[in-house]
Amino acid sequence: MTKLDQIRAVESRLLLSTYERNPILFVGGKGVHLIDEQGDQYLDLLSGIGVNALGYGHPAIEEAIARQSRALIHTSNLYFHEGQAELAQLLTERTGLDRVFFANTGTEAWEGALKLARAHAGLLRSEGKQIGTKFLALEQSFHGRTYGSMSTTYKAKYREPFAPVVPGVEFVRFNDVADLRAKFSNEVCAILVEAIQGEGGIRPLSQEFFAEARALATSTGALLIVDEIQAGMGRTGKWCGYQHYGIQPDVTTLAKPLAGGIPLGAILCTEEAARAIHAGMHGTTFGGGPLACAVALAVINTIEKDGLLANASEVGGYFLAQLRSLAARHDAIIDVRGKGLMVAAELDSADLAKLVVAEMLKRRILINCTSDTVLRFLPPFILERSHVDAAIAALDEILTEHAAAFSGTQIARTAGGQ
Ligand SMILES: Cc1ncc(COP(=O)(O)O)c(C=O)c1O
């Protein structure tokens, strides 16, 4: 029995069966590569679902962890430590927002943002304004797995087994301005969006829809809350996805790459929204601890020192262009989209998409599939063109070899759809 087999056997007996793991045991990593127990290297184009911005074994992260773990790992939020003030300074400057709350994960940051919106609406009501408690979220949205986050997440499979969910959420058709207008009223306390939907299939908001959401929220005092947990912290070539649109939210949430692999989330908001929160209303034992903050500072400083926003734009643009030329050669690719290093190729068959992910894995390249048919690439920000070339060559080979077997579904779909 291999070590992997032993671990699988114990996990299948002892863990809740929430995950269908791929049969690989990773033991290390360097740069954009993960290393398995046999010493084989895998090109990681997923970076732990959009987390490992600096890849693996980055000296800046190792140094920050070593230094901070020797000094202080945890204090709770009852006392001061050195990290939060400096990190809040960097994050507020880069997001254009005024205040920060540090959490641990994406869903926890989002959960807090929802609480902030309801508390803010309550404050406005106490000041005589007419504003309700309803959330408008978007179809295909994904905001996390805790109750509020799950309740504002679109797909029924995430919500229904856990019903009843948090009440007061209505879903608007993605990028449908008329639907947004029809569903918006002064009953709404917040409009919830991802600038570029992640789990929903790497789908950017349209400029018109985003601008309308901003205008509607402003018209009543409702908050525009933008979830940047997947797109934020530089993945798209700017610190936040909304910065590509020139639209400023009232609240945003960050997590995934924020501390380069150490759990850390953040809610950022305007001074106006922050009026709603007072001591004791919200909190966390671990959030914004010294270790996570020290690593986040190292991540931000490295992104800037090494020009990784520009790298994300440049290599991401190259990735997109290469995928487009691949799409020109393979009918199975029906769309290519993304921004920076948040990139997707949509296929015409869910079975083919599944097979492509498995075949890439056989070639030791990690990608995944979201929304059934969308091949998703969320690589580390240190990705180089040569890594893109390797991925494109593998995709080309796989589609050449296998796409024909799925052409029946392709033809049926085209015939039915036009
Ligand atoms: C946009 C978005 N929001 C929230 C979350 C939830 O983050 P976490 O898994 O850290 O709770 C995710 C995770 O994929 C996400 O992509």
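This is a predicted model: local features need pLDDT of at least 70, side-chain atom pairs count only at pLDDT 80 or more; totals for chains, interfaces and linings use all residues.
Figure 1. Leu326 sits in helix α12. If you skip the residues up to four places away in sequence, Leu326 touches Ile333, Ile392, Leu395 and Asp396. Now look for Val188: Leu326 and Val188 are 138 residues apart in sequence, and their C-alpha atoms are 44 Å apart in space.

Figure 2. The protein chain is split into domain 1 (3–57 + 307–417) and domain 2 (72–305). The contact between them takes 25 residues from domain 1 and 23 residues from domain 2. On the domain 1 side, α2 (47–50), α12 (308–329), β13 (333–339), β14 (342–347) and β17 (374–377) each bring at least two residues. Which of these elements gives the most to the side of domain 1 that touches domain 2? That's α12, with 5 residues. Sorted by class, this side of domain 1 has 12 nonpolar, 9 polar and 4 charged residues.

**Figure 3. The largest nonpolar core.** This core has 124 residues. Those with the most contacts inside it are Ala190, Ile191, Leu223, Ala266, Ile267, Val295 and Ala296. Helix α11 (residues 290–305) supplies the largest share of the core, 11 residues. Why does the core lie between domain 1 and domain 2? Because both domains give residues to it. As a bit of background, nonpolar side chains tend to be buried together in soluble globular proteins. For a close-up, pick Ala266: leaving out residues up to four places away in sequence, its contacts are Leu91, Val100, Phe101, Phe102, Ala103, Ala109, Thr253, Leu254 and Leu258.

**Figure 4. Leu291 and a partner from elsewhere in the chain.** Leu291 is part of helix α11. It counts as buried, because 23 C-beta neighbours lie inside 10 Å. Leu291 and Gln68 are 223 residues apart along the chain, yet their C-alpha atoms are separated by 5.7 Å. Gln68 is also one of the contacts of Leu291, along with Ile65, Ser69, Ile73 and Ile262, once neighbours within four places in sequence are set aside.

**Figure 5. The shell around the ligand.** How many residues surround the ligand? There are 15, and the closest are Gly106, Thr107, Gly144, Ile229 and Gln230. Helix α5 (residues 106–126) gives the most to this shell, with 3 residues. By class, the shell is made up of 5 nonpolar, 7 polar and 3 charged residues.

**Figure 6. Thr153, buried in a loop.** You'll find Thr153 in the loop between α6 (147–151) and α7. Is Thr153 buried or exposed? It's buried, because 26 other C-beta atoms lie within 10 Å. Apart from neighbours within four places in sequence, Thr153 is in contact with Ser141, Phe142, His143, Tyr158 and Arg159. Leu54 is 99 residues from Thr153 along the chain, and the C-alpha atoms of the two are separated by 29 Å.

**Figure 7. Backbone angles to look out for.** Pro164 lies in the loop between α7 (156–159) and β6 (169–172). Next up is Met233, which isn't a glycine but has a positive phi of about 70 degrees. Met233 belongs to the loop between β10 (223–227) and β11 (251–254), and it's buried, with 31 other C-beta atoms within 10 Å. Asp372 also has a positive phi, near 70 degrees. Its place is in the loop between β16 (368–370) and β17. Asp372 is partly exposed, with 13 other C-beta atoms within 10 Å.

Figure 8. The mean pLDDT of the protein chain is 96, and 97% of its residues reach 70 or more. Residues 411–418 are another story, with a pLDDT below 50. Beyond near neighbours in sequence, this stretch has 1 contact in the model.

Definitions and conventions
Residues are numbered from 1 along each chain as its sequence is written. A residue is near a molecule or strand if its C-beta atom, placed from the backbone, lies within 6 Å of it. Helices (H or I, at least four residues) and strands (E, at least two) are DSSP runs, numbered from the N terminus. Ala, Val, Leu, Ile, Met, Phe, Trp, Tyr, Cys and Pro count as nonpolar, Asp, Glu, Lys and Arg as charged, and the others, Gly among them, as polar. Domain bounds come from an automatic or database domain assignment. Two residues are in contact if their C-beta atoms, placed from the backbone, lie within 7 Å. pLDDT is the predictor's confidence in each residue, from 0 to 100. A nonpolar core is a set of buried Ala, Val, Leu, Ile, Met, Phe, Trp, Tyr and Cys residues joined through C-beta atoms within 7 Å. A residue is buried if 20 or more other C-beta atoms lie within 10 Å of its own, exposed if 12 or fewer, and partly exposed in between; C-beta atoms are placed from the backbone.
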